[in-house]
Structures are given as C-alpha cells and as structure tokens.
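Here's a quick briefing for anyone new to this structure. Take a look at it first, then read on for a helix packing and some aromatic pairs.

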Amino acid sequence: MAWYSTGKTNSDLISNMSRNGILKSDRVYEVSTAPRLCTGHPTNSSSAWQAMEKVDRAHYVVDKADAYMDSPQYIGHGATISAPHMHAHATENLLEYLRPGARVLDIGSGSGYLCSVFHRLVTSDDTKGRVVGIEHIPELVEWSKENVRRDGLGAALDNGEIILLAGDGRLGTCSCTASGDGSRPADILGHDAGYPEGGPYDAIHVGAAAPTLPRPLVDQLATPGRMFIPVGMGAQQVLQVDKHADGSVTEKSLFGVMVRYLGLACGGDVHLSFEQYVPLTDREG
C-alpha cells in the first residue's frame with residue numbers, strides 16, 4: 001500500500017514506492033534520487049526511477065522532518081504538495097511522452113517539485129527539453145524558484161529549460177511573472193491567450209481538480225500528446241487524456257479520488273486514492 005512507502009531518506013522513499021509497485025519504471029525512479037552504484041538500477045538521468053531519485057523532496061517542503069512521508073503536506077497559502085505516490089503515478093502515466101526534447105506543462109506547480117522531476121526526464125546532455133510550471137499564487141511561484149535553485153537546477157531556470165509563472169491554470173494562461181530570479185520583465189498575456197511560447201505540449205500534468213475537462217488545455221496538447229488531470233468537484237476521477245496523431249482525443253479513467261488522503265489502494269485496473277485534489281482556480285478562488 002502507498003502509505004507504507006514512507007522512508008527515512010529520499011532514497012528510502014523511492015525504493016519503498018518501487019517495492020510497493022507504485023514506481024515501475026527505472027526512468028522514474030532514478031530521476032528522484034542521487035545516482036546509485038551497484039544497485040541493479042541504471043544511473044542514466046533519462047529514467048523515471050532516476051528522475052525521482054535525483055530530486056530531493058526535502059528541498060520542496062516546509063517541514064523538513066516529514067519530507068519523506070508518503071502523504072500530502074501543507075506548503076502555505078492554503079496549498080499542499082501532493083503525496084509522493086501521487087507524483088509517481090503521474091510521472092509513470094506520462095512517461096512515454098517525457099522524452100529528451102519534450103515540452104511539458106505543469107498546472108498548479110506549487111513547490112516546483114514535479115517541474116524538477118520532469119526536467120530531469122526531458123533534458124539530457126545533448127537534447128534540451130522545456131518544462132513550464134503555472135501556479136496561481138505568486139508567493140508560491142517565488143518560493144518554487146528558490147526550491148529549484150536549492151536543488152541545483154538554477155542554470156535550468158536561467159536558460160529557460162524550466163519556466164515558472166504565476167497565472168490562471170484553467171486556461172494555461174500566464175498573467176505575471178517571468179522565470180529565473182525575477183530580474184527579467186514580467187510577461188503580461190491576455191486572459192485567453194494561453195502560453196503559446198511553451199506549446200504545444202507533449203505532456204500536461206494538472207495538480208488540481210477541474211469541474212470538467214478544460215478544452216483550452218486539450219487544445220494545447222501536441223499530436224500526439226497526453227494529459228494527466230483530476231476532474232470532478234465531489235467524487236473525483238483522474239483522467240488520462242490522449243490526443244492522437246490524427247487529432248482525435250480519447251479519455252480514460254485511471255482511478256478515483258475521494259475524501260481525505262490516506263494512501264493508494266490498488267485492485268486490478270482500478271485505483272482508489274484518498275488524496276482529494278483542491279479545485280483548479282485562480283487567485284481569487
């Protein structure tokens with residue numbers, strides 16, 4: 001069960017998620033912790049196992065003592081960082097689209113944690129991808145930039161491989177700040193302009209629940225492309241939305257999300273999580 005994945009270190013946490021069947025890909029695992037030797041897992045940073053091994057969750061939470069608990073944590077301003085197993089689920093689901101050179105949009109980027117994981121997957125030594133994170137709380141955007149720099153990815157912010165913006169995630173709309181240290185002028189875009197500079201996106205992750213599937217986000221998917229998004233305002237479903245090469249769109253329910261978060265229970269093809277997503281909204285609510 002997912003709530004058994006808590007560890008004493010970041011490496012413990014990732015290893016436990018792998019042991020419990022949540023992390024299935026070496027590509028996801030190794031991006032989340034430091035490179036390992038003699039463990040049977042590859043050390044190439046393009047793996048998902050690698051991705052989560054190389055991003056230390058302690059840099060992205062407020063309470064460092066609980067950094068490696070497999071549960072959501074409060075990060076201020078009425079926001080939480082999702083439980084590690086939920087981030088693992090999202091990364092595994094999007095993995096085939098998180099290849100070097102890919103473009104990724106993270107709606108509700110919060111602490112910046114998942115943007116850093118995605119960056120590790122889409123940027124290699126010779127192929128640069130781009131990850132755009134949109135968060136509607138400006139204070140969290142500034143904090144997330146500090147977190148990403150603390151985690152050793154300041155150069156990725158400075159060269160535009162990671163872009164963190166304040167804006168309306170419902171439309172993928174940027175309304176204010178630029179990435180990096182904030183020294184560049186803010187980008188002011190119209191409410192319905194989206195973020196064309198970053199798209200179309202090979203993968204879109206949405207970390208907050210929308211009442212219905214937002215069409216503007218579907219429009220920003222590449223062909224082919226995939227979105228991972230929770231939908232619903234009571235009982236919620238996490239959807240996999242695929243835009244195919246011919247432009248057609250299909251939806252698949254991955255698992256239900258209910259009540260308060262306790263962990264993840266798996267049964268066949270149906271997964272039930274008890275971490276309810278906050279509504280997808282703007283700063284005014």
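Helices (H or I, at least four residues) and strands (E, at least two) are DSSP runs, numbered from the N terminus. Axes are lines fitted to C-alpha atoms, for helices over the stretch in contact, and angles run from 0 to 180 degrees between N-to-C directions. This is a predicted model, where local features need pLDDT of at least 70 and side-chain atom pairs count only at pLDDT 80 or more, while totals for chains, interfaces and linings use all residues. Residues are numbered from 1 along each chain as its sequence is written, and side-chain values use heavy atoms, leaving out hydrogens and water.

**Helix packing**
- Helix 4 (residues 84–94) packs against helix 5 (residues 113–122) at about 30 degrees, and their axes are 11 Å apart.
- On the helix 4 side, the contact (heavy atoms within 4.5 Å) uses His 87, Thr 91 and Leu 94.
- Helix 5 brings Tyr 113, Leu 114, Val 117, Phe 118 and Leu 121.

**Aromatic pairs**
- The whole structure turns up 2 aromatic pairs, meaning rings of Phe, Tyr and Trp (its six-membered ring) with centres within 6.5 Å; planes under 30 degrees apart are stacked, over 60 edge-to-face and the rest tilted.
- Tyr 60 and Tyr 113 have ring centres 5.5 Å apart and planes at 80 degrees, so they're edge-to-face.
- Tyr 60 sits in the loop between helix 3 (48–54) and strand 1 (73–76), 53 residues from Tyr 113 in helix 5.
- Phe 228 and Phe 255 make a tilted pair, 6.3 Å centre to centre with 55 degrees between the planes.

**Burial**
- Tyr 60 is buried at 0% relative accessibility (buried is under 20% relative accessible area, exposed over 50%, partly exposed in between, with a 1.4 Å probe and protein chains only).
- Tyr 113 is buried too, at 2%.
- Phe 228 and Phe 255 are both buried.
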